[in-house]
Amino acid sequence: MSSALIEPEIDRPQTPDAANIATDVPVPVTVVEPDSAWSFIDFHELYQFRDLFRFLVWRNIKVMYAQSTLGIAWAVIQPLFSMLVFTIIFGKLAKIESDGVPYAVFSFAALVPWTYFANSLTEGTNSLVSNANMISKVYFPRMILPLSAVLSKLVDFSISMVVLAGLMAWFRMTPNWGILALPLLIGLMMLTAAGLGMWLTALAIQYRDVKYAMSFLVQILMYAAPVVYSVSIIPESYQWGELTINPRLLYSFNPMVGVIEGFRSALLGTRAMPWTEIGLGSLTASVIAVTGAMYFRRKEQIFADVA
Amino acid sequence: MSAAITVENLSKAYRIGLKEEIPDTLLSAATSVLRAPLKNFKRLRGLDTYSKNGDAEDIIWALKDVSFEVQEGEVLGVIGRNGAGKSTLLKILSRITKPTSGRAIIRGRVSSLLEVGTGFHPELSGRENVYMNGTILGMTKREIDRKFDEIVDFSGVEKFLDTPIKRYSSGMKVRLAFAVAAHLEPEILIIDEVLAVGDAEFQKKCLGKMQDVADAGRTVLFVSHNMQAVSTLTDRCLLIQHGTNIQDGDPRAVIQKYLEAPSHQQGAYSNNPSKDGPRVIRADVVTSEGNAIHQHGQPLQLRFLISTPVVVSSASLSFQICDNLGRPINHIWTFDSERPMCRTPGVYELLSVVPRCRLYLGKYTLTVHFGEGPGGRKFETIENVCPFEIVMHRISREFPWRPGTCAYVEDFEWAIRHLGDSPCLNSQSGEAILFAT
């Protein structure tokens, strides 16, 4: 006799029975134990959670400009206004050298990658703290959070790239073969943002100081990159007592130098492709990304406890 | 059958905040401000570093040397008081946090449900949140695609699927979230007190779903304060107290042990006597199992102390027993005309006994009314006091007791007669027989 005949109606939806669970698939065995070994990115696990990764990227994009009237236009307004301000102050008033191209397009070509970098770094750094609730309630590879923040900002980047193309058309400038290097430059820019983001977000969840330091850190980083000025104003040799140093070379270790100068070279033809800067920058970016991932993985196990 | 979960000497330490010294002079206040960053840094860094001896005074062991095994297909209940370490155990098994020592081996795909609606974003629509929440709980997109209609059906929010969920009522949100969770198909399911949210209807749905999961042969680890749910759903039960498992075995025996343990919770109502007027100064429910847990069918005692600074001519006291939705289930009263009280100033004890408590399983509270007879003044109405719980786990029946089925159980008798051999009596003769009786 079915229980429905005697029992009061209780809504019991159908569950697929246990037979549905494939039995020929090897059962995954998980060992949960305190581990103190340093580990690197678990690509296999990230792949297993690819759907979550995709949805988080998509969620970030979707909610970014929710309930705003201008919506995605904000992606353009931010670098556009910075460009206007820079053009007036640094271009017209301070008359900063702009490698022979109009200052507006000179600075905008730098602002497009820079805005991406600054926003994805900020977003990536906040990613753990703002999802603290999720971290303490469910398991998934934590690295998905900063990485999805970095990826979702590519939408803004693409839109400002279109605006940049429009600006170039306005000034009648044509890109050169250097644009073939753009994917590499974009990759370098993302690697830097992701690497630094992993460092900072893992620190931020334990030390909220990072949150307060973020806004001026980003500002300082901007002046440490050739956003408002040209690399050519950095001297190639400098006498410091007995020592002769090459500030330009040291400067080139900043990955964003290679990225920004590379953008200018490819799109505005201000100079030859800065391979030295790109090479040195890639080195720094790789070191930051590898150590960032390791630090993140090391700290990952305590995120839920300190969040 | 092999062990789906093996837990070996699992321990977890947390650092708790020590009392801060409060500076008492301007100078010490100034130095403490200057030293604060260093102190804060030490404290924050200390959150994840433990000294080897582990006996520092600001460390508490949420779990200490817990070991047990769960066989494949077994439903294990975990019970214990608040702060006993149940949630920490589930968090470690769900890989949210790492143990301080010991280890757990888990064979199979795990889904843990420590909260319904994790990852819900207010700006996203219901539809989008189903996908978001589903992938967070470990489903693939294809799995959700396949079950989407079922999930929506179960939740009953079809009409609002494309509305951002910040416009949902909280009930709708919970229903949608549970609908997603209910369609998980892991080999091992870990559930924490999810049944405690939502209305009675929703809880009923959850329990039904839990029963299905258990019947389908999945391994389930289930934490609950709902003893009834634990005793009907689980095959085995684990009692955790102060971070260690103190009993493991048959659910009834373990629940009994849990109920017998002394509780620090005081469910009684009390108030100070007043010179301004008559008052109820104490109300408590004396339950059969102690700890505000009462076995259905046992005598229930209700004790009231009232005080009056003046003479009351026709005092009356009554109380309603209300269920967890606040609906009064019954009303019990006494009048001065039947049993004299408050005819001189002082304190009176009123004892009411319900010889055989027939309340159905569930949680109840009292609403106490104190006043004069018809047309008189009302001194006090005290609502929602003396919470207690009725359990039925020692009464067996062929079908398990399910919460929310009824409000109380009457004594009843049945008579059944055999009316003939043929099951297909023609309607006329069938009626004839019925009317003949």
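This is a predicted model: local features need pLDDT of at least 70, side-chain atom pairs count only at pLDDT 80 or more; totals for chains, interfaces and linings use all residues.
With strand β3 of chain B (residues 75-79), β8(B) pairs in the parallel sense over 4 bridges. With strand β9 of chain B (residues 244-249), β8(B) pairs in the antiparallel sense, this time over 5 bridges. L238(B) has a part in both pairings: L238(B) is the bridge partner of V78(B), and its partner in β9(B) is D248(B). The step from β8(B) to β9(B) is a hairpin with 2 residues between the strands, and H242(B) in the turn has a positive phi of about 50°.

Further along chain B comes an open sheet of 4 strands, in the order β10-β11-β13-β16, with antiparallel pairing. Its edges are β10 (269-270) and β16 (346-354), each of which pairs on one side only. On the β10(B) side, 2 bridges hold that strand to β11(B), residues 279-286, and the two run antiparallel. One residue pair to look for here is S270(B) with R282(B), its bridge partner in β11(B).

Over in chain A, helix α7 (residues 144-152) has 8 of its 9 residues buried, so the rest of the structure largely encloses this helix. The buried set consists of I144(A), L145(A), P146(A), L147(A), S148(A), A149(A), V150(A) and S152(A).

Chain B supplies other cases. K166(B) and E123(B) meet in a salt bridge of 3.2 Å, N to O. That pair links distant parts of the chain, 43 residues apart: K166(B) belongs to the loop between α4 and α5 (170-182), and E123(B) to the loop between β5 (110-113) and α3 (126-136). Both ends are partly exposed, K166(B) with a relative accessible area of 27% and E123(B) at 26%.

R358(B) and D411(B) also form a salt bridge, at 3.0 Å, N to O. Here again distant parts of the chain are linked, 53 residues apart, with R358(B) in the loop between β16 and β17 (362-372) and D411(B) in the loop between β18 (378-391) and α9 (427-436). R358(B) is partly exposed at 29%, and D411(B) is partly exposed too, at 45% relative accessibility. Back in chain A, salt bridges that share partners join E261(A), R264(A), R271(A) and E277(A) into one network.

Finally, there is charge on the surface of chain B. D149(B), E150(B), D153(B) and E158(B) form a negative surface patch. Of these, D149(B) lies in helix α4 of chain B, residues 141-155. D149(B) counts as exposed because its relative accessibility of 61% is over the 50% cut-off.

Notes:
Residues are numbered from 1 along each chain as its sequence is written. Chains are lettered from A and ligands numbered from 1 in the order in which they are written. Side-chain values use heavy atoms; hydrogens and water are left out. Patches are made of residues with over 30% relative accessible area and no salt bridge: like charges are joined within 9 Å, nonpolar side chains (Val, Leu, Ile, Met, Phe, Trp, Tyr) within 5 Å. Accessible areas come from the Shrake-Rupley method with a 1.4 Å probe; for residues, only the protein chains shown count as cover. A salt bridge is a side-chain nitrogen of Lys or Arg within 4 Å of a carboxyl oxygen of Asp or Glu. Lys and Arg count as positive and Asp and Glu as negative; His and the chain ends are not counted. The place of a charge is taken as NZ of Lys, CZ of Arg, CG of Asp or CD of Glu. Buried means under 20% relative accessible area, exposed over 50%, partly exposed in between (1.4 Å probe, protein chains only). Two strands pair if DSSP finds at least two bridges between them.
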